[in-house]
Amino acid sequence: MTWAEICEDKTLATLPYRIESDRWGNIVMSPPPRSRHAEYQGEITVLLRRKEGGRSIPECPIQTEEGVKAADVAWVSQARRASRDNDPVYLIAPEICVEVLSPSNEQGEIEQRKRLFFEKGALEFWLCGLNGEISFFDPGGPIPQSKLYPDFPKRVTLD
């Protein structure tokens, strides 16, 4: 199935799962995130919204070589957003792609997502740990802080 077909399928829209696809167009479902994961995701979305010149997007679908993967949060510049058609999926990744760790995540899975997002044009990949600590990466590897949003905190607090 194409991502547009997946998005238009009314039976899939009623499922209580996060839906992505693999490289062959097969649907891959994950259970909804735990509340703590969702809280970090929401807080990061709000903090990224403060960055001028673009938009923060929760659950941002990105077409990769391994199918459609949804970044937990993304930030896309107005220029990059304006350059895309009204596709149901981003063909070029937003500049910042953020993943929020869950206890079930495996290191290989996170590394794969990081690689896929960089291959599709992301400039930075951020990883929010289980306690809200943020690790920043560019295509060359770890960086001490975001180059695109240097004031972003190195730890997200919920309380």
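**Close-up views of the predicted model**

**View A. Aromatic cluster and ring pairs.** Trp126, Phe136, Tyr149 and Phe152 form one aromatic cluster in this predicted model. Within the structure, five aromatic pairs are counted. Phenylalanine 117 and phenylalanine 125 make up a tilted pair, with 6.4 Å from centre to centre and 35° between the planes. Both phenylalanine 117 and phenylalanine 125 are buried. The pair of tyrosine 149 and phenylalanine 152 is edge-to-face, because the planes stand at 70°, with the ring centres 5.5 Å apart. Tyrosine 149 has a relative accessible area of 15% and is therefore buried, the limit being under 20%. Phenylalanine 152 is likewise buried, with a relative accessible area of 4%.

**View B. The largest nonpolar core.** This core holds 17 residues, of which Ile44, Leu48, Val98, Trp126, Ile134, Phe152 and Val156 touch the most other members. At least two residues of the core come from each of α3 (35-49), β4 (67-77), β5 (96-100), β6 (124-128) and β7 (134-138). Helix α3 gives the most, namely four residues. A second, separate core comprises 16 residues, among them Tyr90, Phe117, Phe118 and Phe137.

**View C. Surroundings of isoleucine 134.** Apart from neighbours within four places in sequence, isoleucine 134 contacts Ile44, Trp126, Leu127 and Cys128, together with Phe152, Pro153, Lys154, Arg155 and Val156. Isoleucine 134 is also one of the residues that touch the most other members of the largest nonpolar core.

**View D. Helix α3 and its buried side.** The end C-alpha atoms of α3 lie 21 Å apart, in agreement with the 21 Å that its 15 residues should span at 1.5 Å a residue. Buried in this helix are His37, Tyr40, Gln41, Ile44, Thr45, Leu47 and Leu48. These residues lie on the same side of α3, because they cover an arc of only 165° around the axis. An α-helix has 3.6 residues a turn, so residues three or four places apart point the same way. Ser35 and Arg49, on the other side of α3, are exposed. The buried residues of the helix pack against β3 (54-64), β4, β5, β6 and β7.

**View E. Arginine 80 in helix α4.** Arginine 80 belongs to helix α4, which comprises residues 78-82. Its side chain reaches the backbone oxygen of alanine 93 at 2.4 Å. Not counting residues up to four places away in sequence, arginine 80 touches Ile92, Ala93, Pro94 and Glu95, as well as Gly121, Ala122 and Leu123.

Notes
Residues are numbered from 1 along each chain as its sequence is written. This is a predicted model: local features need pLDDT of at least 70, side-chain atom pairs count only at pLDDT 80 or more; totals for chains, interfaces and linings use all residues. Side-chain values use heavy atoms; hydrogens and water are left out. A nonpolar core is a set of buried Ala, Val, Leu, Ile, Met, Phe, Trp, Tyr and Cys residues joined through side-chain atoms within 4.5 Å. Buried means under 20% relative accessible area, exposed over 50%, partly exposed in between (1.4 Å probe, protein chains only). Contact means heavy atoms within 4.5 Å. The expected span of a helix is 1.5 Å times one less than its number of residues. The arc is that of the directions from the helix axis to the C-beta atoms. A polar contact is a pair of N or O atoms within 3.5 Å; within protein, one must be able to donate a hydrogen and the other to accept it, and residues adjacent in sequence count only if both atoms are side-chain atoms. Rings of Phe, Tyr and Trp (its six-membered ring) pair if their centres lie within 6.5 Å; planes under 30 degrees apart count as stacked, over 60 as edge-to-face and the rest as tilted.
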